[in-house]
Amino acid sequence: MGMMQEFKEFAIKGSVVDLAVGVIIGAAFGKIVDSVVSDLILPLVGAVIGKIDFSNLFIVLGNVPAGTATTLDALKKAGVPVFAYGNFITVAVNFAILAFIIFLMIKQINRLKKETPVAPPAPAATPEDVVLLREIRDSLRK
């Protein structure tokens with residue numbers, strides 16, 4: 001069997017196709033969660049804490065060249081090492097929300113799987129020749 005044939009059989013298997021669909025949907029879902037976190041949740045948390053934008057929370061670890069703005073983007077472009085803990089907070093909250101949503105989805109899928117009990121298969125009908133032989137046997141006993 002050639003390598004192309006083996007690859008074709010592998011790629012056509014249902015689990016590979018399901019995995020590909022899952023990755024594509026997961027990427028799109030990740031963007032939605034990222035938007036929810038950065039556009040809805042973090043501004044509310046920032047308003048309560050007093051900081052409006054978590055992405056600009058950082059500590060400068062090197063010398064800042066003269067004339068460089070003290071924003072995260074400007075410092076990164078200037079090559080200044082920065083400890084950007086605000087981005088980490090954003091990503092950590094993003095991960096926690098995504099993990100919780102996936103947990104709820106898996107929990108619901110498992111609950112739906114448990115609710116559909118498999119009915120036991122009906123006993124197979126006895127073949128006609130066996131029925132006739134049993135009748136003959138019973139009549140001979142009498």
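The text below treats a nonpolar patch, an aromatic pair and a salt bridge.

The model is predicted, so local features need pLDDT of at least 70 and side-chain atom pairs count only at pLDDT 80 or more, while totals for chains, interfaces and linings use all residues. Residues are numbered from 1 along each chain as its sequence is written, and side-chain values use heavy atoms, without hydrogens and water.

A nonpolar surface patch consists of Ile-59, Leu-61, Phe-83 and Tyr-85, which together have about 390 Å² of accessible area. Patch members have over 30% relative accessible area and no salt bridge; nonpolar side chains are joined within 5 Å, like charges within 9 Å. Areas come from the Shrake-Rupley method with a 1.4 Å probe. Leu-61 lies in the loop between strand 1 (59–60) and helix 3 (72–77); these elements are DSSP runs (helices H or I, at least four residues; strands E, at least two).

The structure has one aromatic pair. The ring centres of Phe-83 and Tyr-85 are 6.4 Å apart and their planes stand at 35 degrees, so the pair is tilted. Pairing requires centres within 6.5 Å; planes under 30 degrees apart are stacked, over 60 edge-to-face, and the rest tilted.

One salt bridge is counted: Arg-137 and Asp-138 have their closest N and O atoms 3.4 Å apart. The rule asks for a side-chain nitrogen of Lys or Arg within 4 Å of a carboxyl oxygen of Asp or Glu.

Exposure classes follow relative accessible area (buried under 20%, exposed over 50%, partly exposed in between).

| Residue | Relative accessible area | Class |
|---|---|---|
| Leu-61 | 56% | exposed |
| Phe-83 | 48% | partly exposed |
| Tyr-85 | 31% | partly exposed |
| Arg-137 | 40% | partly exposed |
| Asp-138 | 34% | partly exposed |

Definitions and conventions: Buried means under 20% relative accessible area, exposed over 50%, partly exposed in between (1.4 Å probe, protein chains only). Rings of Phe, Tyr and Trp (its six-membered ring) pair if their centres lie within 6.5 Å; planes under 30 degrees apart count as stacked, over 60 as edge-to-face and the rest as tilted.
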